[in-house]
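The paragraphs below go through a pair of helices and then a loop residue. Please keep the structure open while reading.

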Amino acid sequence: MSVLLNNPQFVTIVLGATGGPREENLSAYLLAPVGSSDFIALDAGTLLTGIGRAEARGSFDDIPIAQDTQLSRAGWILQHCIRAYLLSHAHLDHVAGLVLNSQDDTNKEILGLSSTIETLRDCLFNGRVWANFSHEGQGRQIKQYQYRRLQPGQVYSISGTGLGVEAFSLSHTPHAPSTAFLVQANGLYALYFGDTQADAVGKTEELKVVWTRVAPLVREKKLRGVFLEVSFPEGRSDDMLFGHLTPSWMLKELRHLAQLADPAQPEQALQGLTVVVTHIKLSLERGTMPQEQIAQQLQALNDLGVRFIIPEQGQRIEF
């Protein structure tokens, strides 16, 4: 089922909705302005499998392909509609699809913080784990991908699209700092978070920096949607979250944003804001459905009037 909200400005196609352990459905979201087929990939845990699932659901029916191409529609989308990759960090559940599909991809930029780019260069595209499809690093350089290092707080234009992006560092794990991407098009914004822990758990203020930046956009009704992770249902101790959020921690962080956006009436500040709940980790236990648990827990805690979406692989969401 597609999701269409009032007066949509962005479209996202869910190529991968979970944080594992099923390897065919890992974090990856295509994003473009409504009416455009020039997508960026926000993380790339799953690509071609997700494109196939989305195609089967009709999520790409509006995208034309060249009449004379020998490519399938899925191949066309991979090669010609994904214009760039924005990687939040280099954990495998966020980059595996990019690595495995690289041999059939085309020349593109990979954007991320220096820590992400260097891990991808040194540990994956290094001629040993995988061929070096980039323009720097070890092994024979195939030079298909160009690394573009983002500095936090600076705005960059994304080649081949009408989109701009601003990156923010996030606290995830000691050896893999993560990233939030604030994407803009035509004066409106979408905010994508990679894996992150709450500021109170990580004893940082990295989420506060992001909330402070976007609070004016909330006030001005320019922030159209947020992609924010909830990896686990309630019940885990903070030291067993491994740099992730639960429903209660998500709501605590959203309340921080609401307070910054409207100190006088924080309970009204985020009314109707779309929040796509990413990176839910599936369970191997019989009869356990974390998606349902998390959806119920978020609704029970939702005193902000936020519109939560639990995404499904292949789904088209317009917001």
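The crossing of α1 and α2 is right-handed, a term that applies if the near helix is turned clockwise from the far one, and left-handed if anticlockwise, by less than a right angle. The contact (heavy atoms within 4.5 Å) is made by Leu48, Ile51 and Glu55 of α1 with Arg73, Ala74, Ile77 and Leu78 of α2. This is a predicted model, in which local features need pLDDT of at least 70 and side-chain atom pairs pLDDT 80 or more, while totals for chains, interfaces and linings use all residues. Residues are numbered from 1 along each chain as its sequence is written, and side-chain values use heavy atoms, without hydrogens and water.

Two packed helices are described by the angle and the distance between their axes. Those of α1 and α2 come within 9 Å and cross at roughly 125°.

Which residues of α1 are buried (under 20% relative accessible area)? They are Gly50, Ile51 and Ala54. Down the helix axis they fall within an arc of 100°, so they line one face of α1. These residues pack against β2 (10-16), α2 (73-81) and β5 (82-86). Just after α1, Gly58 has a positive phi of about 80°.

Thr46 sits in the loop between β4 (39-42) and α1 (48-56). At 4% relative accessibility, Thr46 counts as buried. A polar atom of its side chain lies 3.5 Å from the backbone oxygen of Glu24. Beyond its neighbours within four places in sequence, Thr46 is in contact with residues including Leu15, Gly97 and Gln313.

Terms used
Helix = DSSP H or I, 4+ residues; strand = E, 2+ residues; numbered from the N terminus. Buried < 20%, exposed > 50% of the residue type's maximum accessible area, 1.4 Å probe, protein only. Polar contact = N/O pair within 3.5 Å; in protein donor to acceptor, adjacent residues only side chain to side chain. Arc of directions from axis to C-beta. Axes fitted to C-alpha atoms, helices over the stretch in contact; angles between N-to-C directions.
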